[in-house]
Amino acid sequence: MQVLEKEIIEKEAPKGTKRFFLETYGCAMNFSDSEIVASILKSEGYTITSEASEADVILMNTCAIRENAEQRARQRLTEFRVFKKEKPSLVIGVLGCMAERMKTKLLEEEDLVDIVVGPDAYRSIPNLIGEVEGGQKAINVLLSREETYADINPVRLSENGITAFISITRGCDNMCTFCVVPFTRGRERSRDPHTIVKEAKNLFDNGYREVTLLGQNVDSYLWYGGGLKKDFEKATEEQKNKAVNFANLLEMVAQVSPLLRVRFSTSNPQDMTDEVLHTMAKYENICKYVHLPMQSGNTRVLKQMNRGYDREKYLDRIKAIKTIMPDCGLSTDIISGFCTETEEEHKETLSLMDEVQFDYAYMFKYNERPGTLAAKKYTDDIPEDIKSRRLQEIVDLHRKHAGESNLRDIGGVFEVLAEGSSKKSSEDLYGRTTHNKVVVFPKEHYKPGDYVKVKVHSCTSGTLLGQAVK
Ligand code: 5AD
Ligand code: SF4
């Protein structure tokens, strides 16, 4: 799952109603969850404010994937202390993965926090706020086997009005040993495909031109009328015959309109089927871009991570992508210095990167998380300086590959979906290619939501620069 920058909601609130301020950390899934939370609160009569200082309720949707994500959230909490002093009735809530991981401990350690809500309990937020107003601290961290928030029409918080996230599965059954997500987000369940298509149609009718289908492991999406992924074997024959897998779902969403781009994240090497790749190839509006986390290039380390694939299988999937879609953007996640990783094994990560040549990569030092299988079974034995040095080698190599990839694009013409004005100049628009590369070009008569053919003439380290062509 790609980790986004912190998002702060910027919407104006009318005076006189209860106002909430919501800040989101972590991945796209969390950002999508915040849209669900905003919808739940709005339906209870709350309005959104972009000023924490004027809020009646401050909510932070948190991430637990690495320790520094939690530290940042705690640091931010201290900044809210002044508001609580000024307005003792202010309710402060911590939502999301950190809430789920720490549970009541968060209430004990952070006296400022009034409510703690896990990812499957967002419907209870209005009641929990009520309990706090009644003088109590309140918590709901129950994980659910069914909750997918399928019926909730999320309030769109993204600024551009062109691209949106749609959550298609919740939870994760993979049990990678380094990862806290199975514990914070519970068992994997898929959302009713008809509610997904309805949401996509609705977005399209409201001017959106790109949806990203989100899940911890989208390839294992499976709808057979409800229930957990792991219980599919127990489904009736009729349910099995009508089941919708990820390739089917992709096709259903792609058919909403040829003008609606479809992306998805995150894919998993052991579950990514050729059927999905053929569906991608079949529809021009399904973006030719796959985010396929490798984590490590060494089979023993991958086994220790319980990733469910080895180096060969990973390369097999890359080969399938390149064969079925010769022109497909690729990105990945990599962890340096996992427990017991040797120098030779680290070099295999570098050599796998060399073989694949990713266009983009999210790179991390291994960070032991309490409660994970790795924390229980292995010793976090790679010294910090070695982890850092290995990470730097990974980052340097990736920069080289990404730079080369951008240079290859110079002179090419790409269809770009314009998303908004460039940050640097209001005379320029920015948008993305099907390969998820950001392109900046002079606005001329174009506007956000337009598909523009752009010829790339140069690039910076992270952005392609070009000019619209007829
Ligand atoms: N330490 C470092 N990186 C991690 N990730 C997940 N858990 C950890 C951890 N304990 C990374 C993985 C994952 C991405 C979302 O975050 O690379 O794919
Ligand atoms: Fe997203 Fe994982 Fe962070 Fe939870 S822990 S917010 S699922 S990245």
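I began with Arg76, which counts as buried at 16% relative accessibility, where buried means under 20% relative accessible area, exposed over 50% and partly exposed in between, using a 1.4 Å probe and protein chains only. I noted that this is a predicted model, in which local features need pLDDT of at least 70, side-chain atom pairs count only at pLDDT 80 or more, and totals for chains, interfaces and linings use all residues. Residues are numbered from 1 along each chain as its sequence is written, ligands are numbered from 1 in the order in which they are written, and side-chain values use heavy atoms, leaving out hydrogens and water.

I then looked up the partner of Arg76, and found a salt bridge with Glu79, with the closest N and O atoms 2.5 Å apart; the term stands for a side-chain nitrogen of Lys or Arg within 4 Å of a carboxyl oxygen of Asp or Glu. Glu79 is partly exposed, with a relative accessible area of 39%.

Next I turned to Lys242, which forms a salt bridge with Glu238 at 3.2 Å between the closest N and O atoms, and I saw that both Lys242 and Glu238 are exposed.

I also checked Lys365 and Glu384, whose side chains meet in a salt bridge of 3.1 Å, N to O. Lys365 counts as partly exposed at 28% relative accessibility, and Glu384 counts as partly exposed at 47%.

Finally, I searched the whole structure and noted 46 salt bridges.
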